[in-house]
Amino acid sequence: MPQNLPRHLLTQKAATHLQQHVPMLTLPHANYTLAPKGFEDLITRTQGSLAQLERDLLGDTDAPLPLHAFYAPRDLEHTLLCGHLSVLGLRLLLTQQLPPADFHLICDLAATFGQQHPAGSAIENTLRDLARVGSTHDPVRLTPDEVQHAAAILLEQAARLRVAPPERLQEHGLAHALLRLPEVVRHPCQPALEDLRPAPTTRREARAREDDLLRHLAADPGDHAAYAALLLLHVNARDTQANMPVVLLLNQAALHLLAARDLGTPPEQVQALSRHLRDLHAELGRPRVQALRPGTVVARDAHARLLGQGLGSLRRLTVARRVPLTQHAELFEQGLWCMFDALDQRLLRGETPETSPVLRFSLVLNSTLALTRIFRAPGMPLPPVAELAAQMSGIDPLWAWQETQPNEQGGYPVHEALGHLSTVLLLASEVEPHLERVLGEQLAPLMRSAAGHLLAVLRRAGLSLPDHAFIAEQFRVLEPLRASAFTPQEEDAFLSRCRAISQHLLDQKRGQAAEEIMPQPVPAGEAERTPDEEARPPAVSRPEAAFAPLPPHVDQARRLLSGKRVTLLGGVPSPTHHAALVRDLDLAELDWIGSGEYQHGTHAGAHVTKETAVVILAVRWMGHAHNALREVARERGVPYVMHPGGLNPSSVAYQVLQQVSGQLRNAGAA
C-alpha cells in the first residue's frame, strides 16, 4: 500500500486564481455595501457579547439562564477564544493587506464562532457576503487544535501589520490565558493531502479498491482527480465513520472527474477512477446522484469553485472524525437520553412500549426523528445513541435512507416535519396540571397542524412512517388534520407560536424555582433537621422489591438468564444494584467492570469467556471505550446488549429481551 503520498497545499493554478481576487478585501467594495464604519460597529457589538460570555464563564452574571447553564466550561472557553480571534480577524481585514488564505481562515473562525454563539452568526454572514464577490472558499468549522494554529497565524499578522489585538487577547487577558500556541504552525486552510485521507477500511472486500485509489493518489494526478480519489476513499471506508454524506460525496467525486477530463488528465486515470465511482454507486443501491446523469457538464469558470467545495468537504470529514459532535448534535442527543430516562421510569412501574400506546408512540416518533437527522447508508455505522434508538423501537436503521437525504436547498423536509410534531408533544408533556386547560386549548390545534403537515410531507416523498398502522391509529384522535404541508409563512407562524408557549412554560418554571429557594418557616413544635440528617436515607431492614412479584418482562428475562454468567461494563459497581440484578435475574455470576476500571477498553478478552451468556454495555457511562469489548463479544459469538438506561433489573431485563432474546433462546435450544 502506498504510504509516501505527495504533500499538497494549494496548487499553483488554484493559488493564482485566488490571488486574482485580492481586491475583494478592499473596503468598500463595488459589489458590497459594508464600509469600514460597518466593520467597526460589528466589532463593538461582538465585543459586548464576548464581555457577557466572559461573565458567564466566571459565574459573575445576573442572567436568569446564563450560558453556563447549557455549556460546559471547556465549550465556553473555546467559544470565547474563537470570538476574540474573529474580532482580531475583522481588524486585520480593515488593513486590506491580508493574503486570501488568511481571509479564508477568518471565515472559518467566524463559522466556528457562529456555530457556538449568536454573535458569531453576524460575523459569519458578513464575511459570507464579502466572499461572494469572488472567493472559492467553502467555510469549515475548526477543531480546538486548529483554532490554536489560527491564533498563531493571526497574531503574527497583527504584529507584522501593527494591529493591536483585542484587549482580552493581550497579556493578562482571559482569552490570552486560553492560548496554547503550537511550536510548528500549520495553516488549517492548506492541509497536506495525507491529512485528508480517511482511516483504512476494515472491510476485506474493500481493501483492493482502497489500495488502487491510494496508487492513483501517489501518482499525483492533478487537483480534480486527487480530490475525486480522496472522496471515493472516504465512501469506500464508510465502515469507519458514522454520519457521512456518501451521496453528496459521490456527486462531488463525479463532478471532479468531469472537470479532470476537461482539463486533460490522462484518460486512463479518469476511466479507472470512474469505474470505482460506478462500483461504489452500485454497492450503495444506485441512489440518485445528479452528476451521474448523462449530459452533465462542469463549466470551466466553475472549476476553481469546485476545488474549494471539494477541499471543504474533505476538511469537514476530517473535523467530524476528530470532533464528532457539534453543540447542536450534543443537545439533540441529550433529548434522546431524556427519552431513555422516561422509558426507564415507566419500566420501573412495570410499563413497557408493548403495554403503553403513549410510550410506544413516543419511542417510534423520536427514534425516527433521530434516524432522519443523520446520514445513513448500507455498510455505515450509526452513532451509538441513534443505534440504541433504532434497536429499542424496532425501526430498520436504513428506513428511507435515500429519501431523507437533504434536498437541493440543503433542507431535510421529513426530519423537520417530524421535529415540529415532536416539539408540540414535548411542550404538552411539560404543561403543569393547573395550566392544562389554558395551554391545552392552544396546543391541540398546533398538534393537528403538525401531524397533518408531517403526513403531507411523507406523501410528497412517497413514504409511510415506520409502524405506520399504529401511528395512523394514534393520529385519528387528532382529526380533522390539515391536508397540505405548511407554506413558509405558515411554518414561521407555527414555530413562533411554539416559541411563545415554550417561553410561557419557562417563565412559570423560573417563578417556581425562585419560590423553592426561599427559606421556608419550620412548623411549630418540629425541630429543624441538620444537613446530615437530611442526607441520611431512611433505615429499612430489606427492600420491599425483594418480596414483590416481578414485572412480566423481568420474569421473561429471568427465565432466559437463570443460572448464567453475565458481564456488565460501565457505571459505578454498587453492592445493592449488584445484589438486585443477581437476585431478580437469577444469575450464577455478574462480572461488573466499572467505568473507572475500563477507560481504554484494554484486556477485554479476559471478561468474555465460554461461560459468558451475555455482555451488557452501559454506553451512557463509557463513551467509546465499550467498542473493544463489543468486538470481542462479536468475534466469540457472545450476544451483547447496548444498554442506555439505569442499572436496575427492570431496565436491564427490558433491553435484554429487546436485543438478544432470540439469540438466548437459540442458545438454550442448542
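Contact here means heavy atoms within 4.5 Å. With that in hand, consider helix H9 in this predicted model, where Ala-225, Ala-229, Leu-232, Val-235 and Asn-236 meet Leu-273, His-276, Leu-277 and Leu-280 of H11. Sorted by class, this contact between H9 and H11 comes out at seven nonpolar and two polar residues, with no charged ones. Helix H11 covers residues 267–283, and its axis sits 10 Å from that of H9 at an angle of about 30°. Angles under 35 degrees count as roughly parallel, so H9 and H11 are roughly parallel to each other. Their crossing is left-handed.

H9 (residues 223–236) also packs on helix H10 (residues 246–262), this time at about 155° and with the axes 8 Å apart. Anything over 145 degrees counts as roughly antiparallel, and H9 and H10 are therefore roughly antiparallel. This crossing, too, is left-handed. On the H9 side the contact is made by His-224, Ala-225, Tyr-227, Ala-228, Leu-231, Leu-232, His-234 and Val-235. H10 brings Val-246, Leu-249, Leu-250, Gln-252, Ala-253, His-256, Leu-257, Ala-259 and Ala-260. The tally for H9 with H10 is 13 nonpolar and four polar residues, again with no charged ones. Ala-225, Leu-232 and Val-235 of H9 turn up in the contact with H10 and also in the one with H11.

Stepping back to the whole protein chain, the secondary structure amounts to 24 helices and four strands. Of its 670 residues, 49% are buried. Among contacts between residues at least 6 apart in sequence, 78% join residues at least 24 apart.

The four strands make an open sheet in the order S2-S1-S3-S4, with parallel pairing. Strand S2 (589–593) and strand S4 (640–643) are the edges, each pairing on one side only. On average, neighbouring strands of the sheet are turned by 20° against each other, direction ignored. Inside the sheet, S1 (residues 565–569) runs parallel to S3 (residues 612–618), and five bridges join the two. Leu-568 is the residue standing opposite Ile-616 in S3. S3 also pairs with S4, in the parallel sense and over four bridges, and here Ala-618 stands opposite His-643 in S4. That His-643 points to one side of S4 along with Val-641, while Tyr-640 and Met-642 point the other way, and all of them are buried. Helix H22 (residues 575–585) lies across S1 and S2, and runs at about 145° to S2.

Helix H15 (residues 384–393) is mostly covered, with eight of its 10 residues buried. Those buried are Val-385, Ala-386, Glu-387, Leu-388, Ala-389, Ala-390, Met-392 and Ser-393.

Arg-315 sits in helix H12 (residues 303–322). Its relative accessible area is 5%, and the cut-off for buried is under 20%, so Arg-315 counts as buried. Leaving out residues up to four places away in sequence, Arg-315 touches Asp-108, His-137, Val-140, Leu-142, Pro-188, Cys-189, Pro-191 and Leu-196.

Methods
Residues are numbered from 1 along each chain as its sequence is written. This is a predicted model: local features need pLDDT of at least 70, side-chain atom pairs count only at pLDDT 80 or more; totals for chains, interfaces and linings use all residues. Side-chain values use heavy atoms; hydrogens and water are left out. Two strands pair if DSSP finds at least two bridges between them. Axes are lines fitted to C-alpha atoms, for helices over the stretch in contact, and angles run from 0 to 180 degrees between N-to-C directions. Angles under 35 degrees count as roughly parallel, over 145 as roughly antiparallel, 65 to 115 as roughly perpendicular and the rest as oblique. A crossing is left-handed if the near helix is turned anticlockwise from the far one by less than a right angle, and right-handed if clockwise. Ala, Val, Leu, Ile, Met, Phe, Trp, Tyr, Cys and Pro count as nonpolar, Asp, Glu, Lys and Arg as charged, and the others, Gly among them, as polar. Buried means under 20% relative accessible area, exposed over 50%, partly exposed in between (1.4 Å probe, protein chains only).
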